[in-house]
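I opened the notebook to look up ring contacts and ligand surroundings. The entries follow in the order in which I made them.

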Amino acid sequence: MTVNSSISREELQESLETRTVEHTHDEAANSMFGFIVFLLSESIIFLSFFAGYIVYKTTTPDWLPPGVEGLEVREPAINTVILVSSSFVIYFAELALKRHNMWGFRLLWSTTMAMGSYFLYGQAVEWSSLHFSVTSGVFGGMFYLLTGFHGLHVFTGVVLQLIMLVRSLIPGNYDQGHFGVDATSLFWHFVDVIWIILFFLIYIWQ
Amino acid sequence: MTNTQIENPKILLETHHHPPTTWKTYFTFSTDHKVIGIQYIVTSFIFFLIGGILAMIIRGELITPEADLVDRTVYNAMFTMHGTIMLFLWTFPVLVGLANYLVPLMIGARDMAFPRLNAVAFWMVPVFGIILMASFFLPGGPAQAGWWSYPPVSLQNPTGNLINGQFLWLIAVAISGVSSIMGGVNFVTTIVKMRAPGMTFFRMPAYVWAVFSAQIIQLFGLPALTAGAVMLLLDLSIGTAFFDPAKGGNAVLFQHFFWFYSHPAVYVIILPVFGIFSEIFPVYSRKPLFGYKVVAVSSLLIAGVSGFVWVHHMFASGTPAWMRIVFMVSTMFVSVPTGIKVFAWVATIWGGKLRLTTPMLFALGGLIMFVFAGITGIMLSSVPIDIHVNNTYFVVGHFHYVLYGTVTMGMFAAFYHWFPKMTGRMYYEGLGKLHFWLSFIGTNLNFLPMHPLGLQGMLRRVSSYDPEYAFWNVIASIGGFLLGMSTLPFILNMIGSWVQGEKAPDNPWRAIGLEWLVASPPPVENFEEIPVVISEPYGYGKSEPLTANLEKQELARDLN
Ligand code: HEM
Ligand SMILES: [Cu+2]
């Protein structure tokens, strides 16, 4: 194969005379960046569901299934307050960890877990008291899809928190870095923000 | 100073040990981006062949006006699976495969940011491929609702079984979505965080820019499709009412979810091919890429605009007039950054010292066919024309000029161009040229007749037609079979050369770019020392030509 070239000798020489370095990349920073990109992407799934909800809500003639008056707001509102507060608690847990206050971290972290679990419990109670199902028209489908998909995220968050708690019991584990804790906490805030939008869409805008 | 990124000659000489990859490596869970890249490419090529066989059946059916080869449900399954396989198991994974191979090398990284995630994302491809193929063996056969799976057609379930072709189709698409999102996270992180020192954004090759833009689309478009697919799956399996008009649902909403992703998805496919063109034309014309920065930024611009054009697929779906106009204008706007790219390539080739090697031929052929596809695309974006030819063979002709003429031809260009790098062997030029001419003639014979057919009113997705359409259909079928045959010299060439081709030098094309600085094939760690990049890419032909055929290593030694 004949190959012509017209890079000038000087040019090549010039470029050959550069340095090389040993270049390292910060793994935790990469992971955190990747995780944020992932969460941005995931928020599009929720936004799609929300967009669908708004379209259905504004265009469906018989929005609520027959015999259903609307949703009870009181209990979900209490649940919302608990979930939103847990975002503050987890923030302080992370802060404690940064100050190497391990017991403070474990205490606050477990409190977050308890609040998250209570949220799930509250939602289960609500689900079992409702008089419509996932097949009750578009409303039923949307209600269970949104709360269920969000609930799945809360559940995932609690499992992640449990893993991080267990890992914190191993001495020295979080001395170097704690990407897992930071990511879990970011995820928790994310799930929380999604819930606030969801709460307004489903419960307040009836 | 325009030359790229070439570092200490010592490295050129010392990375020459052989990589510990044998053929067995390719069947293992490897985390090396180069192995994963080739795993992707080979896997998707196998599916390309399967999709091709289905295409042969489709063209066989259409060679006569009567439906006499397969019956109608089988025919429906054929075009549904053909489209699905070609998109989800050929174009998407093969482009990801190439990008996997090239991006870390091109930006001076040792691997992707998350090597294990990368491997997991790859292994999901054969998994969903097999799930999709399994539907051939189910009672009732594979999905029949076309690759877009519009409800209420996709909600029909004549067999009454929960596990039917459509169900497996949705599961497969969902897995494919998860795998692509993992890939997107990995690529975006790699490109943002892992570039070698000195490799600023405006020193990245145009191909890396293209992959970056395409993966951003994946990350922000795919979740919408996934949302729609989940809702359709629930409708199909547990009887929710989202898209079922009979239960008060809204079938058109599915079309929005679908096209909100699937239109931008065409840019996920085409942008990396634009990137390939931008790498290949400068090398074989010995000229810098004309307007490099503009070409690079236009990729991002296309990615951005592509999020606002999806409704052009729904002009005929009862879309209100004001919306049609908005989306007609936004669609036409995409042709601006696209046109800029075409202009830049033509300007790059213009007056260059062309070397018509196989990769260059494929890239030139692909460019010619893309220009044609662009023209028919702009025609389609105008509402009055679209209303006329919507759902006819005109549309099929348009997107096959894109998907075969441009994307698939562009991929072949890339395979030949980087084959010596990937395998350390040269391919056979004669077989390559034969492959090119068969593909080029075959593509045009196959897809050009679809335009007059569509204008005359032949609908797509039909297994029988009025005899007045017979003439063009016969020509299209002959072209189709020619295209089917064209893959044989390619397979022969690739296998033959890999096994016993002439040994390839590290930089057979005298190309500029970090990937050409390492040995062929590259060692596992890519770069022993990470290079420091000192200038923009594409510094070809700035000054007097060097003597032909001088190896870069020798040159490096000379200069030392
Ligand atoms: C200049 C850029 C392009 C324009 C203006 C354009 C425009 C259009 C329009 C308006 C349609 C809808 C026709 C109808 O349904 O009646 C269409 C269909 C299609 N286009 Fe393009 N397009 C462009 C580029 C591409 C690219 C780059 C690809 C793929 C790589 C592509 C693939 C497709 C496919 C697959 C369809 C058919 C979808 C279906 O109906 O199943 N197009 N195009
Ligand atoms: Cu489109």
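**Charges over rings**

I started with chain B, where Arg195(B) lies over the face of Phe201(B), 4.1 Å from the ring centre. I also noted that the charged end of Arg460(B) sits over the ring of Trp148(B), at 5.1 Å from its centre. A charge counts as over a ring if NZ of Lys or CZ of Arg is within 6 Å of the ring centre and within 35 degrees of the ring normal.

**Conventions**

I am working on a predicted model, in which local features need pLDDT of at least 70 and side-chain atom pairs count only at pLDDT 80 or more, while totals for chains, interfaces and linings use all residues. Residues are numbered from 1 along each chain as its sequence is written, chains are lettered from A and ligands numbered from 1 in the order in which they are written, and side-chain values use heavy atoms, with hydrogens and water left out.

**Ligand 1**

I looked up the shell of ligand 1 and found 21 residues, the closest being Asp386(B), Asn390(B), His398(B), Val402(B) and Arg460(B); a residue is near a molecule if one of its heavy atoms lies within 4 Å of it. The shell divides into twelve nonpolar, seven polar and two charged residues. Nonpolar covers Ala, Val, Leu, Ile, Met, Phe, Trp, Tyr, Cys and Pro, charged covers Asp, Glu, Lys and Arg, and the others, Gly among them, are polar.

I then listed polar contacts (N or O atom pairs within 3.5 Å). Oxygen atoms of ligand 1 lie 2.5 Å from a polar side-chain atom of Asp386(B), 3.0 Å from one of Asn390(B) and 3.2 Å from a side-chain N or O atom of Trp147(B). Helices H7 (251-285), H10 (358-381) and H12 (393-423) of chain B each give two or more residues to the shell. H12(B) gives the most, with five residues. Helices here are DSSP runs (H or I, at least four residues), numbered from the N terminus.

**Metals**

Which protein atom is the donor to the iron atom of ligand 1? I found a single one, NE2 of His398(B), 2.4 Å away; donors are N, O and S atoms within 2.8 Å of the metal (3.2 Å for Na, K and Ca), and water is not among the atoms, so sites may look incomplete. His398(B) lies in helix H12 of chain B. The iron atom of ligand 1 is 4.9 Å from the copper ion (ligand 2).

Conventions:
A polar contact is a pair of N or O atoms within 3.5 Å; within protein, one must be able to donate a hydrogen and the other to accept it, and residues adjacent in sequence count only if both atoms are side-chain atoms.
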